[in-house]
Amino acid sequence: MRIGELAKATGTTARALRHYEQAGLITSERAANDYRVYDERAVVRVRNIRYLLAAGLTLDDVQVFLPCLDGDVAAAPPSDQGLRVALERLAVLNERIAAQTEARDRLAAALRDTTGSPSHEATAS
């Protein structure tokens with residue numbers, strides 16, 4: 001299948017697919033007209049990549065899951081390395097959430113101090 005067909009079948013864009021290919025997560029052959037051509041297994045692989053990205057992992061993180069991208073990633077037991085990567089990513093996300101929460105709270109406090117109105121607090125939560 002051509003890149004547009006794969007994009008449509010997986011709910012992604014041709015640009016994202018080229019990015020996945022550049023990252024080494026998917027591969028294609030070149031047709032005589034130099035178009036990228038993917039086999040049917042690429043659909044499962046791309047859906048698994050998108051599942052892992054939606055879970056909060058990065059493309060670099062997804063590299064760890066290469067051996068199982070052609071199967072059911074959601075149902076497979078994680079490898080020790082996969083589990084470690086997921087836990088590290090969760091820690092990073094938790095740190096970012098904490099930093100954003102602190103920033104929100106500082107801004108809400110500044111608004112309360114400036115306006116003297118507690119009504120701004122409701123929009124900050």
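Q: Where does Ala 23 lie?
A: Ala 23 lies in the loop between α2 and β1. Please keep in mind that this is a predicted model.

Q: And what is Ala 23 in contact with, leaving aside its neighbours within four places in sequence?
A: Leaving those neighbours aside, Ala 23 touches Leu 59 and Gln 63.

Q: How far apart in space are Ala 23 and Leu 90?
A: The distance from C-alpha to C-alpha is 22 Å for Ala 23 and Leu 90, and 67 residues separate them in sequence.

Q: Let us step back. How many helices and strands does the chain have?
A: The chain has 6 helices and 2 strands. Read from the N terminus, the order of its elements is α-α-β-β-α-α-α-α.

Q: What is the radius of gyration of the chain, and what would a compact globule of 125 residues have?
A: The chain has 21 Å, whereas a compact globule of 125 residues would have a radius of gyration near 14 Å. Along the principal axes, the C-alpha atoms fill a box of roughly 70 × 35 × 20 Å.

Q: What percentage of the residues count as buried?
A: Of the 125 residues, 26% count as buried. The accessible surface of the chain is about 8,400 Å², and carbon and sulfur atoms account for 54% of that surface.

Q: Among contacts with a separation of 6 or more, what share comes from residues 24 or more positions apart?
A: Such residues account for 48% of those contacts in the chain.

Q: On to charges: how far apart are the mean positions of the positive and negative ones?
A: The chain has 16 positive and 17 negative charges, and their mean positions are 6 Å apart.

Q: Back to single residues. Where is Thr 12?
A: Thr 12 is in the loop between α1 (3–10) and α2 (14–22).

Q: Why does Thr 12 count as buried?
A: Thr 12 counts as buried because its relative accessibility is 14%, and the class takes values under 20%.

Q: Which side chain does that of Thr 12 join in a polar contact?
A: The side chain of Thr 12 is joined to that of Arg 50 by a polar contact of 3.3 Å. Apart from neighbours within four places in sequence, Thr 12 is in contact with Ala 7, Leu 17, Tyr 20, Val 46 and Arg 50.

Q: What about Asp 61: which helix is it in?
A: Asp 61 is in helix α4, residues 59–62. Asp 61 is buried, with a relative accessible area of 10%.

Q: Which side chain makes a polar contact with the side chain of Asp 61?
A: The partner is Arg 89, with a polar contact of 2.6 Å between the two side chains. With neighbours within four places set aside, Asp 61 is in contact with Val 85 and Arg 89.

Q: There is another Asp I wished to raise. Where is Asp 34, and what is its phi?
A: Asp 34 is in the loop between β1 (29–30) and β2 (36–37). Its phi is positive, about 75 degrees, although Asp 34 is not a glycine.

Q: Last one: is Ala 16 buried or exposed?
A: Ala 16 counts as buried, at 17% relative accessibility, and is found in helix α2. Ala 16 and Pro 78 are 62 residues apart in sequence, with 25 Å from C-alpha to C-alpha.

Key: Residues are numbered from 1 along each chain as its sequence is written. This is a predicted model: local features need pLDDT of at least 70, side-chain atom pairs count only at pLDDT 80 or more; totals for chains, interfaces and linings use all residues. Side-chain values use heavy atoms; hydrogens and water are left out. Helices (H or I, at least four residues) and strands (E, at least two) are DSSP runs, numbered from the N terminus. The radius of gyration is taken over C-alpha atoms; the globule rule is 2.2 Å times the number of residues to the power 0.38. Buried means under 20% relative accessible area, exposed over 50%, partly exposed in between (1.4 Å probe, protein chains only). Contact means heavy atoms within 4.5 Å. Accessible areas come from the Shrake-Rupley method with a 1.4 Å probe; for residues, only the protein chains shown count as cover. Lys and Arg count as positive and Asp and Glu as negative; His and the chain ends are not counted. The place of a charge is taken as NZ of Lys, CZ of Arg, CG of Asp or CD of Glu. A polar contact is a pair of N or O atoms within 3.5 Å; within protein, one must be able to donate a hydrogen and the other to accept it, and residues adjacent in sequence count only if both atoms are side-chain atoms.
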